[in-house]
Amino acid sequence: MIVRDCSADMDDETRDFWFIFQDARRESGDIDPVTREILVTKLATLDNDQLAAFDDFFAEKIEALNTSLVRDAARQFWTLSDESWLFLRAWIVSRGGEVFTAFRSNPELLVSVATDRPGPFDAPSGESFMNCSHEARLRRDRLR
């Protein structure tokens with residue numbers, strides 16, 4: 001998949017949040033459960049205001065993918081309930097800024113994901129990423 005570096009178009013906070021995802025993916029070898037654990041560990045180093053900003057950032061990016069073009073492309077490969085549609089978008093965001101930008105500008109890139117996940121109910125799910133900041137708060141508070 002060809003993606004462009006979009007970091008020059010971002011403010012520092014947005015760039016930092018994308019780097020958290022990118023670093024977690026790289027450190028995990030791109031294995032979702034490991035990525036999630038690394039992401040929680042990285043988020044646990046943030047203060048409450050930063051975690052709230054991360055939650056807002058994550059929700060905004062999920063919503064930015066809520067377009068008819070992206071949904072229509074996804075429906076070519078998967079049967080999507082409202083919940084699985086939300087989880088698919090969360091999974092795309094969890095892939096990092098370059099992948100998010102690529103999918104948003106060219107939803108047909110979902111073809112590359114679909115070929116690895118056959119079947120009508122096997123859409124990738126980012127459900128486990130949706131509570132990372134909450135778990136990070138709990139983990140950080142336990143360590144205090």
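Two residues are in contact when they have heavy atoms within 4.5 Å. The model examined here is predicted: local features need pLDDT of at least 70, side-chain atom pairs count only at pLDDT 80 or more, and totals for chains, interfaces and linings use all residues. Residues are numbered from 1 along each chain as its sequence is written, and side-chain values use heavy atoms, with hydrogens and water left out.

The protein chain contains eight helices and zero strands (DSSP runs numbered from the N terminus, with H or I and at least four residues for helices, E and at least two for strands). Of its 144 residues, 44% are buried, that is, under 20% relative accessible area with a 1.4 Å probe, protein chains only. Among contacts between residues at least 6 apart in sequence, 73% join residues at least 24 apart.

In soluble globular proteins, nonpolar side chains tend to be buried together. The largest nonpolar core comprises 40 residues; such a core is a set of buried Ala, Val, Leu, Ile, Met, Phe, Trp, Tyr and Cys residues joined through side-chain atoms within 4.5 Å. Residues with the most contacts inside this core include Phe-21, Phe-58 and Val-93. At least two core residues come from each of α1, α2 (32-43), α3 (48-64), α4 (68-75), α5 (82-94), α6, α7 (110-114) and α8 (132-143). Apart from neighbours within four places in sequence, Val-93 is in contact with Trp-18, Phe-21, Phe-58, Lys-61, Ile-62, Leu-65 and Phe-100.

Methods
Buried < 20%, exposed > 50% of the residue type's maximum accessible area, 1.4 Å probe, protein only.
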